[in-house]
Amino acid sequence: LMAQAVAARTFAALHMEGGAKCTHGCSGSVVCDDPACCQAYKTDAELHAAWGSAYEANIKKIRDAVNATRGMVVLFEGRLISALYHASAGEATENCEAVFAMALPYLVSVESLEGESQAVSLREFTQDELAQKLNAEFPDAHLVTPFKEGDICVWGRTDSGRVQLVQIGETVITGQQMRTALGLASTEFTVELAENAVRFTCIGYGHGVGMSQYGANSMAKQGSTYEEILLHYYTGTSLAALTLSPA
């Protein structure tokens, strides 16, 4: 929770300083509550509904983590970083440029020590359902059922094991495009073609760049400090007290 507090604070501070922009179109805001754009947010009422009798204990843990790290942010060469994070990376995080088409020296693939805690999920589609979804999203695919061998074929993977390119019918798309089109948990997936079904098994949850929350939790349980967790996931960085310059 302390590592997460610092990452979230750093993310917001970078926007406040003008080093990143909210693209959600919110009127006058520098950070929005859409996790697809900025950071997720839950109201106090939503937390009460989700936690019930555990609310007081849970909110105390969060407030303690925020207060214990008050003002701390992550820097690279003296500047606030883009402190990206996600739920679960599997065995390793991903290089920033593999997802966001921009290389950042502190957002590179590192081992994520999640062990058995890593997220694993299964999505299954009928062949007709999958063909309809993919043809609608990628008209050049021209998928026809029943599928034949090679109609759905992974062409390449990144160093961390995530799908880089995948052939669907008569076209090739990125792993990220496939994940978005089918609502998969991550791009680290395998494809299994059955008689009338296609199964996708995903490892991890989220884009895989930056700090893994599952991995951070695993490191904390093994005795790592919040500083050690952050410096592991954000390569070559340092921690310092927050100072904001004008946007």
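Reply: What follows is a short talk through this structure, which is a predicted model.

Me: How many helices and strands does the protein have?
Reply: There are 8 helices and 11 strands.

Me: And what does the C-alpha trace span along its principal axes?
Reply: The C-alpha trace spans about 60 × 40 × 40 Å.

Me: What percentage of the residues is buried?
Reply: The protein has 247 residues, and 40% of them are buried. The accessible surface comes to about 13,300 Å². Carbon and sulfur atoms hold 52% of that surface.

Me: What about contacts between residues 24 or more positions apart?
Reply: Such pairs account for 60% of the contacts, counting contacts with a separation of 6 or more.

Me: OK, charges. How many positive and negative side chains are there?
Reply: There are 16 positive and 28 negative side chains. The centres of the two sets lie 8 Å apart.

Me: How many salt bridges does the structure hold?
Reply: It holds 4 salt bridges. As background, side chains of opposite charge can pair when their charged atoms come close.

Me: Let's take E124. Which residue does E124 form a salt bridge with?
Reply: The partner of E124 is R199, and the closest N and O atoms are 2.6 Å apart.

Me: Are E124 and R199 buried, exposed or partly exposed?
Reply: E124 is partly exposed, with a relative accessible area of 44%. R199 is also partly exposed, at 27%.

Me: Which other residue does R199 form a salt bridge with?
Reply: R199 forms a salt bridge with E192 too, where the closest N and O atoms are 3.7 Å apart. E192 is partly exposed, with a relative accessible area of 45%. Through shared partners, salt bridges join E124, E192 and R199 into one network.

Me: Next, D151. What is its salt-bridge partner?
Reply: D151 forms a salt bridge with K148, with the closest N and O atoms 3.3 Å apart.

Me: Is D151 buried or exposed, and what about K148?
Reply: D151 is buried, with a relative accessible area of 7%. K148 counts as exposed, at 57% relative accessibility.

Me: I clicked on E188. Where does it lie?
Reply: E188 lies in the loop between α6 (175-182) and β8 (189-193).

Me: Which side chain of opposite charge is nearest to E188?
Reply: That is R162, 4.3 Å away. E188 is buried yet has no salt bridge.

Me: What does E188 touch?
Reply: Leaving out residues up to four places away in sequence, E188 touches A89, S160, G161, R162, T201, C202 and I203.

Me: Switching to sheets. What is the strand order in the open sheet of 3 strands?
Reply: The order is β2-β1-β11, and the pairing is antiparallel. The edge strands are β2 (79-80) and β11 (238-241), each of which pairs on one side only.

Me: How many bridges are there between β1 and β11?
Reply: Strand β1 (residues 72-76) pairs with β11 over 4 bridges. V73 stands opposite A240 in β11, and the bridge partner of L75 there is S238.

Me: And between β1 and β2?
Reply: These two pair over 2 bridges, in the antiparallel sense. F76 has R79 in β2 as its bridge partner. The hairpin of β1 and β2 has 2 residues between the strands, and E77 in this hairpin takes a positive phi near 50 degrees.

Me: Why is β1 described as largely enclosed?
Reply: Because 4 of the 5 residues of β1 are buried, the strand is largely enclosed by the rest of the structure.

Me: Last one: where is G71 found?
Reply: G71 is found in the loop between α3 (55-68) and β1. G71 is in contact with R9, A240, A241 and L242, leaving aside neighbours within four places in sequence. G71 and R9 are 62 residues apart in sequence, while their C-alpha atoms are 8.1 Å apart in space.

Note on methods. Residues are numbered from 1 along each chain as its sequence is written. This is a predicted model: local features need pLDDT of at least 70, side-chain atom pairs count only at pLDDT 80 or more; totals for chains, interfaces and linings use all residues. Side-chain values use heavy atoms; hydrogens and water are left out. Buried means under 20% relative accessible area, exposed over 50%, partly exposed in between (1.4 Å probe, protein chains only). Contact means heavy atoms within 4.5 Å. Accessible areas come from the Shrake-Rupley method with a 1.4 Å probe; for residues, only the protein chains shown count as cover. Lys and Arg count as positive and Asp and Glu as negative; His and the chain ends are not counted. The place of a charge is taken as NZ of Lys, CZ of Arg, CG of Asp or CD of Glu. Two strands pair if DSSP finds at least two bridges between them.
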